[in-house]
Structure formats: structure tokens, C-alpha cells
Amino acid sequence: MSERPGINLPSVAAGGAQAAAAPVIDAPPPHDVHRAADLSRLLVSGALLVVTVLPAVATRASTRRMQQGLLDAATALAPGLRDGLVGTVQVVAVVAPVLALGVLVARRRGDAILRVVPAAALGALVAWSVTHLALTHGRPDLWPQVLVGRGGLVHAGWPSAVYLAACAAAVVAAGPWLDTRLRRTWWTLTVVCAGLSVAAAAVVPLEAAAALAVGGVAGSAVLLVAGGPADRPVPQAVADALVACGIPLAALRETPSPDRRPGEGVRYGAETTTGARLAVQVLGPEDRNRDLFHRLARLTMLRNPADTAALSPLAAVEHELLMLV
């Protein structure tokens, strides 16, 4: 049988036992890491929270007038339409968390649940403090009266900003364990619920915006403290990618380096069925995120940087290979 790369793949018939054998993978078990993306989200969410709370504290009269104008636009809607919006939000607010928790339980994501619960509790606590200590001074004087006689399943004031903040924090905390589609779905539901609550005058606009910012802060803080899975391919995925590229892989071993700096990826030593040895370096979104602050500083200090293509992990690998050649 030929030993050329690309011939001896695992798809060969059962008679080729050596070719069909799965490669030996030697790598330490996955462990939680403190991700740069969580730190970036924490800083951005904190800045948005300050921008939201500051007007309510510094310019209370102007904030009340601004929110009163938005409230007048919301109350101009037909009462039936407002009640329908509130009822829709309340149904989603009840069903979506139950479905999300069911997904995590079905996938046996106990580590994710251990982040979601404290994140939701922290988000609710911070949101309650912000709304009662700072944002309450910027509420329109007539806001509580517009809720009298209105409602969906329950009173029109629910879900409150505290509940929305808890949901947003839970979505952020569960994000590393969800695929991109599910993560975007839960975020979309949370933002849409906040927007519909504002449109129906069930929640004051600034409090809805602050709830989403608080959720980002609380969820990111829990992930920074407790850690989360790294945004890099697992060793099995690396082995599958090498085989798919036509490399007859026999063994793959992670080679940790004590002098490796954050953002440089993970290195593996690969051995083919022909005895050849390869060095494999794997980069992922986590490595790009760790360089975020350097890239932001560079874009701020330099005008029209010429090597913008080097920002992606693929381009960084291509540049490194060119330098090695």
C-alpha cells in the first residue's frame, strides 16, 4: 500500500488496520482559563454603565424630561397593542430561561450552571442597587401612573430592570459553553425583551440600558474569577484537521513551553505514520483577544497602519511562516 500523504486516511477499508487506526493523542485534560475576552467585555460594559448612570445622577431634571418624552411616545400606542407587547415580553421572560437551563442540563454543562447562577444573582443585586440608588432620581414623575390598569400575564412592570439584568448576566456567563447560534439567540431575546418593555412603557429607558450593561459586568466578572474554557480547538479537533489536510497522523502530543507568552497559541508535536515529525502551532480567538489592548493602542497612536491584515490569527501565522523561511 502506498505511503504517500493523503492516501492512508481513516476512511480506508477495514483491511488497512494501520491506516484506519486513530492517532494517539497525548495532551493534558482541558482546564479553565481567565480569558481576555471577558476582561474586554467587563471594561466595555462598565464604561456603558457609567455613561448610562452618569446623566441620571448629574443632570436629573434633563434626564427626567428626556425620558418623559420617550414615555409620551410609548403611551401614544393603543392600549391593546401595549398590553400585547407586555404579554409577549412576559411569556419570553418566563420560557426563555427555562429553555436555556434545560439546554445546559441536557448537555451536562454543570460547570456552566455553576457560573450562571452566581452571575444572575450578582447581576440582580447590582441592578437593584443601581436602580434604587442612582437611576430612581431620573425617572419621569408620571411613570408609575401609566402602568395602572395595564398588564399581560401579570403586572405591566414585570419583567423589571433587575430581572433583565439577571438574564443578561446569565447569558454572558453561559456564553463560553454555547455555540455561536445559541449565544446570539439568547442575546437577541434579552435585548428584544428590553426594547419591547421600553416601547410599552413597562421599563424606563435608562434602566433598561443599565440592566444590559450590568448583565455584561456581572457575567464577565464571574467568568474572570471562576474561569472558563479557552477559545481554542481541542486536541481531537487539531488531529482531525491534520488528517483532513492529508497528513497520515500517528500521534499528537502537546508540548508546553515555560517561556511561551500569552497569545502565542498552543504547540503540538506530531508524528506521521511514516516516522516524520512535525511542529504544529494552534491559534484561536483567545490569542487574538489577548492582543486586543495592544491593537487598540496601536490604532490610536498610528495613522492608517499599513499592516492591518496582520490582525487575524491566520495572517499572523502566515507572517511567522514567512519569517521562518
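This is a predicted model: local features need pLDDT of at least 70, side-chain atom pairs count only at pLDDT 80 or more; totals for chains, interfaces and linings use all residues.
The side chain of R41 meets that of D38 in a salt bridge, with 3.0 Å from N to O. Both residues belong to helix α2, which covers residues 36-58, and because D38 and R41 stand three residues apart there, about one helical turn separates them.

Taken together, R35, D38 and R41 form a linked network of salt bridges.

Elsewhere in the chain, R107 and D179 form a salt bridge whose closest N and O atoms are 3.9 Å apart. R107 lies in the loop between α4 (79-106) and α5 (110-133), while D179 lies in the loop between α6 (161-174) and α7 (180-199), so this pair ties together parts that are 72 residues apart in sequence. R107 is partly exposed at 40% relative accessible area, and D179 is likewise partly exposed, at 36%. The count of salt bridges in the model comes to four.

These details sit within a protein of 12 helices and four strands, where buried residues account for 34% of the 325 residues. Of the contacts between residues at least 6 apart in sequence, 73% join residues at least 24 apart. The accessible surface comes to about 17900 Å², and carbon and sulfur atoms contribute 66% of that area.

Technical notes
Residues are numbered from 1 along each chain as its sequence is written. Side-chain values use heavy atoms; hydrogens and water are left out. Helices (H or I, at least four residues) and strands (E, at least two) are DSSP runs, numbered from the N terminus. Buried means under 20% relative accessible area, exposed over 50%, partly exposed in between (1.4 Å probe, protein chains only). Contact means heavy atoms within 4.5 Å. Accessible areas come from the Shrake-Rupley method with a 1.4 Å probe; for residues, only the protein chains shown count as cover.
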